[in-house]
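Student: I've got a structure to look over and would like to talk it through. Could you put it on screen before I start asking?

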Amino acid sequence: MNTAIDQFNLMPDYNAIKQKQLSAWSSGDYGKIGVTLQITGESLCEAMDLHAGQSVLDVAAGNGNVTLAAARRFCNVVSTDYVEHLLGQSRIRAKAEGLSVEFQQADVEALPFPENFFDNVVSTFGVMFAPNQQQSTSELRRVCKPGGKIGLASWTPSSFIGELFKIIGRFAPPPSGLNSPALWGTEAFLKDHFSQSSEFIRAEKLEYVFRYQSPQHWIDLFKEYYGPVHKAFLSLNDERAQELETAIHQLINRFNVANDGTMIVPSEYLEAVIKKSV
(Lines give C-alpha, C1' and ligand atoms only; values in the text may rest on other atoms or scores of the structure.)
Protein backbone atom coordinates (compact mmCIF):
# COMPACT_ATOMS: atom_id res chain seq x y z
CA MET A 1 0.00 0.00 0.00
CA ASN A 2 1.34 3.42 -0.97
CA THR A 3 0.70 5.51 2.16
CA ALA A 4 1.75 8.79 0.55
CA ILE A 5 -0.74 8.38 -2.31
CA ASP A 6 -3.49 7.28 0.10
CA GLN A 7 -2.94 10.37 2.27
CA PHE A 8 -3.02 12.58 -0.82
CA ASN A 9 -6.31 11.04 -1.92
CA LEU A 10 -7.78 11.69 1.53
CA MET A 11 -6.91 15.39 1.39
CA PRO A 12 -9.95 17.60 0.82
CA ASP A 13 -10.14 19.41 -2.51
CA TYR A 14 -9.92 22.87 -0.98
CA ASN A 15 -10.36 24.70 -4.29
CA ALA A 16 -13.57 22.83 -5.05
CA ILE A 17 -14.79 23.43 -1.50
CA LYS A 18 -14.09 27.15 -1.77
CA GLN A 19 -16.08 27.37 -4.98
CA LYS A 20 -19.05 25.78 -3.23
CA GLN A 21 -18.62 28.09 -0.26
CA LEU A 22 -18.43 31.09 -2.57
CA SER A 23 -21.70 29.98 -4.11
CA ALA A 24 -23.25 29.60 -0.66
CA TRP A 25 -22.12 32.99 0.67
CA SER A 26 -23.09 34.66 -2.61
CA SER A 27 -26.61 33.25 -2.29
CA GLY A 28 -29.23 34.89 -0.13
CA ASP A 29 -28.05 38.22 1.28
CA TYR A 30 -25.69 37.77 4.21
CA GLY A 31 -25.57 41.52 4.80
CA LYS A 32 -29.08 41.46 6.22
CA ILE A 33 -27.86 39.04 8.87
CA GLY A 34 -24.32 40.34 9.27
CA VAL A 35 -25.34 43.91 10.04
CA THR A 36 -27.06 42.75 13.24
CA LEU A 37 -23.67 41.57 14.56
CA GLN A 38 -22.11 45.06 14.52
CA ILE A 39 -21.65 45.13 18.30
CA THR A 40 -19.15 42.25 18.08
CA GLY A 41 -16.91 44.30 15.81
CA GLU A 42 -16.96 47.23 18.20
CA SER A 43 -16.13 44.94 21.12
CA LEU A 44 -13.19 43.39 19.26
CA CYS A 45 -11.70 46.77 18.38
CA GLU A 46 -11.86 47.80 22.04
CA ALA A 47 -10.30 44.53 23.18
CA MET A 48 -7.44 45.10 20.73
CA ASP A 49 -6.88 48.66 21.98
CA LEU A 50 -6.62 50.05 18.46
CA HIS A 51 -4.86 53.39 18.07
CA ALA A 52 -5.67 56.05 15.48
CA GLY A 53 -3.33 55.84 12.51
CA GLN A 54 -2.59 52.13 12.87
CA SER A 55 -3.08 49.86 9.85
CA VAL A 56 -5.84 47.25 10.06
CA LEU A 57 -6.55 44.37 7.68
CA ASP A 58 -10.05 42.89 7.93
CA VAL A 59 -10.09 39.42 6.35
CA ALA A 60 -13.27 37.63 5.28
CA ALA A 61 -14.83 40.95 6.19
CA GLY A 62 -18.33 40.24 4.91
CA ASN A 63 -20.39 43.42 4.99
CA GLY A 64 -17.78 45.18 7.09
CA ASN A 65 -18.62 45.22 10.79
CA VAL A 66 -15.02 45.29 12.05
CA THR A 67 -14.00 47.34 9.03
CA LEU A 68 -16.37 50.15 10.03
CA ALA A 69 -15.56 49.85 13.73
CA ALA A 70 -11.83 50.25 13.05
CA ALA A 71 -12.40 53.10 10.59
CA ARG A 72 -14.49 54.93 13.21
CA ARG A 73 -11.37 54.79 15.38
CA PHE A 74 -9.41 56.56 12.61
CA CYS A 75 -7.35 53.54 11.66
CA ASN A 76 -6.13 52.94 8.11
CA VAL A 77 -8.30 50.02 7.11
CA VAL A 78 -8.05 47.55 4.23
CA SER A 79 -11.20 45.42 3.98
CA THR A 80 -11.08 42.12 2.08
CA ASP A 81 -13.47 39.33 1.18
CA TYR A 82 -13.79 36.93 -1.74
CA VAL A 83 -17.50 37.76 -2.18
CA GLU A 84 -17.54 40.97 -4.18
CA HIS A 85 -21.14 41.98 -3.48
CA LEU A 86 -20.50 41.87 0.28
CA LEU A 87 -17.61 44.28 -0.18
CA GLY A 88 -20.03 46.42 -2.17
CA GLN A 89 -22.39 46.55 0.79
CA SER A 90 -19.51 47.55 3.05
CA ARG A 91 -18.54 50.32 0.61
CA ILE A 92 -22.06 51.72 0.81
CA ARG A 93 -22.00 51.65 4.60
CA ALA A 94 -18.59 53.34 4.74
CA LYS A 95 -19.66 56.02 2.28
CA ALA A 96 -22.83 56.71 4.26
CA GLU A 97 -20.70 57.40 7.34
CA GLY A 98 -18.01 59.32 5.48
CA LEU A 99 -15.36 56.75 6.43
CA SER A 100 -12.17 56.19 4.44
CA VAL A 101 -11.62 52.49 3.74
CA GLU A 102 -9.68 50.62 1.04
CA PHE A 103 -11.55 47.61 -0.33
CA GLN A 104 -9.98 44.66 -2.13
CA GLN A 105 -11.35 41.29 -3.19
CA ALA A 106 -9.07 38.63 -1.70
CA ASP A 107 -8.95 35.04 -0.48
CA VAL A 108 -7.86 34.68 3.15
CA GLU A 109 -5.84 31.60 2.21
CA ALA A 110 -3.77 33.64 -0.29
CA LEU A 111 -3.67 37.23 0.90
CA PRO A 112 -2.11 39.60 -1.68
CA PHE A 113 0.02 41.51 0.82
CA PRO A 114 3.70 41.39 1.86
CA GLU A 115 4.95 39.77 5.04
CA ASN A 116 4.87 41.82 8.26
CA PHE A 117 2.69 44.49 6.65
CA PHE A 118 -0.20 45.34 9.01
CA ASP A 119 -0.25 46.54 12.62
CA ASN A 120 -3.48 44.62 13.18
CA VAL A 121 -5.29 41.77 11.40
CA VAL A 122 -8.92 41.10 12.33
CA SER A 123 -11.88 38.88 11.48
CA THR A 124 -15.30 38.39 13.05
CA PHE A 125 -17.08 35.15 12.12
CA GLY A 126 -15.29 35.17 8.78
CA VAL A 127 -11.90 33.47 8.59
CA MET A 128 -13.31 30.62 10.69
CA PHE A 129 -15.15 29.39 7.58
CA ALA A 130 -12.01 29.09 5.42
CA PRO A 131 -11.65 25.37 4.59
CA ASN A 132 -7.86 25.09 4.91
CA GLN A 133 -7.38 26.10 8.53
CA GLN A 134 -3.62 25.58 8.53
CA GLN A 135 -3.19 27.85 5.51
CA SER A 136 -5.51 30.58 6.74
CA THR A 137 -3.88 30.79 10.17
CA SER A 138 -0.49 30.90 8.46
CA GLU A 139 -1.63 33.83 6.31
CA LEU A 140 -2.89 35.79 9.32
CA ARG A 141 0.47 35.38 11.01
CA ARG A 142 2.41 36.18 7.83
CA VAL A 143 0.86 39.57 7.09
CA CYS A 144 0.86 40.78 10.71
CA LYS A 145 3.85 42.84 11.83
CA PRO A 146 6.08 41.59 14.65
CA GLY A 147 4.55 43.04 17.80
CA GLY A 148 1.25 43.49 16.00
CA LYS A 149 -2.09 41.97 16.97
CA ILE A 150 -4.49 39.47 15.46
CA GLY A 151 -8.09 39.82 16.65
CA LEU A 152 -10.75 37.15 16.15
CA ALA A 153 -14.37 36.54 17.04
CA SER A 154 -15.51 32.94 16.46
CA TRP A 155 -18.56 30.90 17.48
CA THR A 156 -17.77 28.20 20.02
CA PRO A 157 -18.68 24.53 19.39
CA SER A 158 -21.30 24.45 22.17
CA SER A 159 -22.90 27.78 21.27
CA PHE A 160 -26.28 28.20 19.62
CA ILE A 161 -24.59 28.73 16.25
CA GLY A 162 -22.14 25.90 16.91
CA GLU A 163 -25.10 23.59 17.51
CA LEU A 164 -26.77 24.95 14.37
CA PHE A 165 -23.69 23.94 12.36
CA LYS A 166 -24.03 20.38 13.72
CA ILE A 167 -27.69 20.19 12.71
CA ILE A 168 -27.00 21.49 9.21
CA GLY A 169 -24.17 18.96 8.94
CA ARG A 170 -26.61 16.12 9.61
CA PHE A 171 -28.87 17.20 6.76
CA ALA A 172 -26.24 18.53 4.35
CA PRO A 173 -22.95 16.81 5.30
CA PRO A 174 -19.73 18.79 4.69
CA PRO A 175 -16.98 17.36 2.45
CA SER A 176 -14.99 14.50 3.95
CA GLY A 177 -11.92 15.60 5.88
CA LEU A 178 -13.11 19.16 6.48
CA ASN A 179 -12.69 20.39 10.06
CA SER A 180 -15.49 22.20 11.86
CA PRO A 181 -15.27 26.01 11.65
CA ALA A 182 -16.26 26.11 15.34
CA LEU A 183 -12.78 24.84 16.26
CA TRP A 184 -11.71 28.48 15.90
CA GLY A 185 -13.86 29.15 18.95
CA THR A 186 -11.64 27.04 21.21
CA GLU A 187 -8.52 28.08 23.08
CA ALA A 188 -6.89 24.76 22.14
CA PHE A 189 -7.12 25.63 18.44
CA LEU A 190 -5.63 29.08 19.02
CA LYS A 191 -2.75 27.64 21.03
CA ASP A 192 -2.06 24.99 18.40
CA HIS A 193 -1.93 27.49 15.55
CA PHE A 194 -0.60 30.69 17.13
CA SER A 195 1.31 30.03 20.37
CA GLN A 196 4.73 29.41 18.81
CA SER A 197 4.72 32.79 17.07
CA SER A 198 2.95 34.82 19.76
CA GLU A 199 3.88 36.83 22.79
CA PHE A 200 0.44 36.18 24.28
CA ILE A 201 -3.03 34.88 23.45
CA ARG A 202 -5.83 36.53 25.40
CA ALA A 203 -9.22 34.88 24.91
CA GLU A 204 -12.58 35.58 26.54
CA LYS A 205 -15.94 33.89 26.09
CA LEU A 206 -18.67 36.43 25.36
CA GLU A 207 -22.28 36.23 24.21
CA TYR A 208 -24.02 37.74 21.24
CA VAL A 209 -27.80 37.80 21.68
CA PHE A 210 -30.08 37.10 18.73
CA ARG A 211 -33.25 39.18 19.18
CA TYR A 212 -36.04 38.42 16.72
CA GLN A 213 -39.81 38.74 16.57
CA SER A 214 -40.26 34.98 17.02
CA PRO A 215 -38.40 31.71 16.39
CA GLN A 216 -40.18 31.45 13.04
CA HIS A 217 -39.06 34.99 12.16
CA TRP A 218 -35.43 33.98 12.76
CA ILE A 219 -35.81 30.79 10.71
CA ASP A 220 -37.49 32.61 7.83
CA LEU A 221 -34.75 35.24 7.64
CA PHE A 222 -31.90 32.73 7.89
CA LYS A 223 -33.52 30.48 5.28
CA GLU A 224 -33.76 33.45 2.94
CA TYR A 225 -30.51 35.31 3.61
CA TYR A 226 -27.86 33.26 5.49
CA GLY A 227 -25.90 31.37 2.84
CA PRO A 228 -25.20 28.03 4.62
CA VAL A 229 -28.80 27.72 5.88
CA HIS A 230 -30.21 28.94 2.56
CA LYS A 231 -28.19 26.37 0.59
CA ALA A 232 -28.99 23.55 3.02
CA PHE A 233 -32.72 24.01 2.57
CA LEU A 234 -32.38 24.28 -1.21
CA SER A 235 -30.56 20.92 -1.28
CA LEU A 236 -33.40 19.03 0.45
CA ASN A 237 -36.72 17.70 -0.71
CA ASP A 238 -39.85 19.00 1.01
CA GLU A 239 -39.96 16.25 3.63
CA ARG A 240 -36.32 16.61 4.64
CA ALA A 241 -36.60 20.41 4.59
CA GLN A 242 -39.47 20.18 7.06
CA GLU A 243 -37.41 17.86 9.26
CA LEU A 244 -34.56 20.38 9.22
CA GLU A 245 -36.89 23.22 10.13
CA THR A 246 -38.30 21.17 13.01
CA ALA A 247 -34.79 20.43 14.28
CA ILE A 248 -33.92 24.14 14.19
CA HIS A 249 -37.13 24.98 16.07
CA GLN A 250 -36.13 22.49 18.75
CA LEU A 251 -32.67 24.05 18.95
CA ILE A 252 -34.12 27.54 19.35
CA ASN A 253 -36.44 26.29 22.09
CA ARG A 254 -33.41 24.95 23.99
CA PHE A 255 -31.67 28.33 23.98
CA ASN A 256 -34.55 30.82 23.91
CA VAL A 257 -34.90 32.81 27.15
CA ALA A 258 -37.90 34.86 26.03
CA ASN A 259 -41.32 33.95 27.43
CA ASP A 260 -43.46 36.36 25.39
CA GLY A 261 -43.40 34.64 21.99
CA THR A 262 -40.33 36.53 20.78
CA MET A 263 -36.84 35.08 20.39
CA ILE A 264 -33.96 36.06 22.67
CA VAL A 265 -31.15 33.56 22.17
CA PRO A 266 -27.65 34.11 23.58
CA SER A 267 -24.90 32.54 21.49
CA GLU A 268 -21.46 32.14 22.99
CA TYR A 269 -18.41 33.20 21.01
CA LEU A 270 -14.70 33.44 21.70
CA GLU A 271 -13.12 36.87 21.40
CA ALA A 272 -9.36 36.50 21.03
CA VAL A 273 -6.47 38.94 20.86
CA ILE A 274 -3.13 37.48 19.81
CA LYS A 275 0.07 39.51 19.97
CA LYS A 276 2.68 38.38 17.47
CA SER A 277 6.18 37.95 18.82
CA VAL A 278 8.78 40.57 17.94
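**Strands, helices and spaces**

Student: Which helix makes a right-handed β-α-β unit with β2 and β3?

Tutor: Elements here are DSSP runs, numbered from the N terminus: helices are H or I with at least four residues, strands are E with at least two. A crossover is right-handed if, with the strands pointing away from the viewer, the path from the first strand over the helix to the second runs clockwise. The helix that makes such a unit with β2 and β3 covers residues 84–97 and is α6.

Student: Before we go on, what kind of model is this, and how are its residues numbered?

Tutor: This is a predicted model, where local features need pLDDT of at least 70 and side-chain atom pairs count only at pLDDT 80 or more, while totals for chains, interfaces and linings use all residues. Side-chain values use heavy atoms, with hydrogens and water left out, and residues are numbered along each chain as its sequence is written, from 1.

Student: How many of the six residues of β2 are buried?

Tutor: Buried means under 20% relative accessible area, exposed means over 50%, and partly exposed is in between (1.4 Å probe, protein chains only). Strand β2, residues 76–81, is mostly covered. Its count of buried residues is five.

Student: Over to β7. Why is this strand largely enclosed by the rest of the structure?

Tutor: Two strands pair with β7 in the antiparallel sense: β5 (residues 144–155) over seven bridges, and β6 (residues 198–212) over 14 bridges. In β7, Leu270 stands opposite Ser154, and Ile264 stands opposite Arg211. Strand β7 runs over residues 263–276, and it is largely enclosed because, of its 14 residues, the number buried is 11.

Student: What arc holds the buried residues of α4?

Tutor: In helix α4 (residues 38–48), the buried residues are Gln38, Thr40, Gly41, Leu44, Cys45 and Met48. They line one face of the helix, because, seen down its axis (using directions from the helix axis to the C-beta atoms), they fall within an arc of 160°.

Student: Which residues on the other side of α4 are exposed?

Tutor: Just after α4, Asp49 takes a positive phi of about 55°. On the helix itself, the exposed residues on that other side are Ile39 and Glu46.

Student: Where is Phe74 found?

Tutor: Most residues other than glycine have a negative phi. Phe74 has a positive one, near 60°, and is exposed, with a relative accessible area of 64%. Phe74 is found in the loop between α5 and β2.

Student: Now the voids. What is the volume of the second largest cavity?

Tutor: On a 1 Å grid over the protein atoms alone, a cavity is a set of points where a 1.4 Å probe fits but cannot get out, a pocket is an open set with protein on both sides within 12 Å along at least five of seven lines, and lining residues have an atom within 4 Å of a point. Points are joined across faces, edges and corners, and a volume is the space filled by probe spheres set on the points. The lining of the second largest cavity includes Trp25, Tyr30, Phe125 and Trp155, and its volume is about 80 Å³.

Student: Which helix gives the most residues to the lining of the largest cavity?

Tutor: The largest cavity has a volume of about 310 Å³ and a lining of 25 residues, with Trp25, Ala60, Asp81, Tyr82 and Gly126 nearest its centre. With three residues, the biggest contributor to that lining is α2.

Student: What is the volume of the largest pocket?

Tutor: Its lining has 29 residues, and those nearest its centre are Ile168, Ala172, Pro174, Pro175 and Leu178. α2, α8 (160–171) and α11 (227–234) are the elements that give two or more residues to this lining. The volume of the largest pocket is about 840 Å³.

Methods:
Two strands pair if DSSP finds at least two bridges between them.
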